[in-house]
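Happy to walk through this one with you.

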Amino acid sequence: MATGYNSVAVSAVRTISAATGTTSIVIANDNPDRKGFILYNNSANTRYFTCGTISSAATPTFIVATFTHFIWTAPNIIYTGPISVIANSGTGTVVVTEFV
C-alpha cells in the first residue's frame with residue numbers, strides 16, 4: 001500500500017481521460033473509496049468542474065484554466081460523488097486522477 005499526499009494511505013490510482021466540449025458530461029462516477037483527486041485541463045479552453053451530475057459555467061465548484069490542474073486531497077473533506085465538467089467554448093481533453 002502506497003502512502004499518498006499528507007500521509008493518507010492509498011491502495012490504487014485510477015486515471016480517467018475524456019474529450020469534453022460545451023455540453024456537460026460526468027467525468028467521474030460516485031466512488032465511496034475516493035481519498036482525493038486531481039483535475040487536469042489538457043486543452044486551450046477553460047473547464048468548469050462541478051461536484052454533481054450537471055456542470056455549468058455559471059455555478060462551477062472548480063474552475064480550471066488552460067493546461068493547469070486542481071488537487072483535492074486529505075486532510076480536506078473528500079467528495080465521493082460524481083464529478084462533471086463543461087467547457088466555456090471549444091473542445092479538448094480533461095483528465096481526472098483518483099486516489100483510492
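Q: In what order do the 4 strands of the open sheet come?
A: In this predicted model, the pairing in the open sheet is antiparallel. β3 and β8 (69–73) each have a single partner strand, so they stand at the edges. Neighbouring strands are turned by 10° against each other on average, direction ignored. The order is β3-β10-β5-β8.

Q: Which residue in β8 is the bridge partner of F37?
A: β5 and β8 run antiparallel and are joined by 5 bridges. β5 covers 36–42, and F37 is bridged to a residue of β8. That partner is W72.

Q: Are the planes of the F62 and F70 rings stacked, tilted or edge-to-face?
A: The whole structure holds 4 aromatic pairs. For F62 and F70 the ring centres are 4.3 Å apart and the planes meet at 35°. Stacked needs under 30 degrees and edge-to-face over 60, so this pair is tilted.

Q: How many residues does the largest nonpolar core have?
A: Strands that each supply at least two residues include β3, β5 and β10. Among the residues with the most contacts inside this core are F37, F49 and F62. Beyond its sequence neighbours within four places, F49 is in contact with residues including I27, L39, F62 and I83. The core has 14 residues.

Key. Residues numbered from 1 in each chain as written. Predicted model: local features only at pLDDT ≥ 70, side-chain atom pairs only at ≥ 80, totals over all residues. Heavy atoms only, no water. Phe/Tyr/Trp six-rings, centres within 6.5 Å; stacked < 30°, edge-to-face > 60°. Core = buried A, V, L, I, M, F, W, Y, C linked by side-chain atoms within 4.5 Å. Buried < 20%, exposed > 50% of the residue type's maximum accessible area, 1.4 Å probe, protein only. Contact = heavy atoms within 4.5 Å. Pairing = 2+ DSSP bridges. Axes fitted to C-alpha atoms, helices over the stretch in contact; angles between N-to-C directions.
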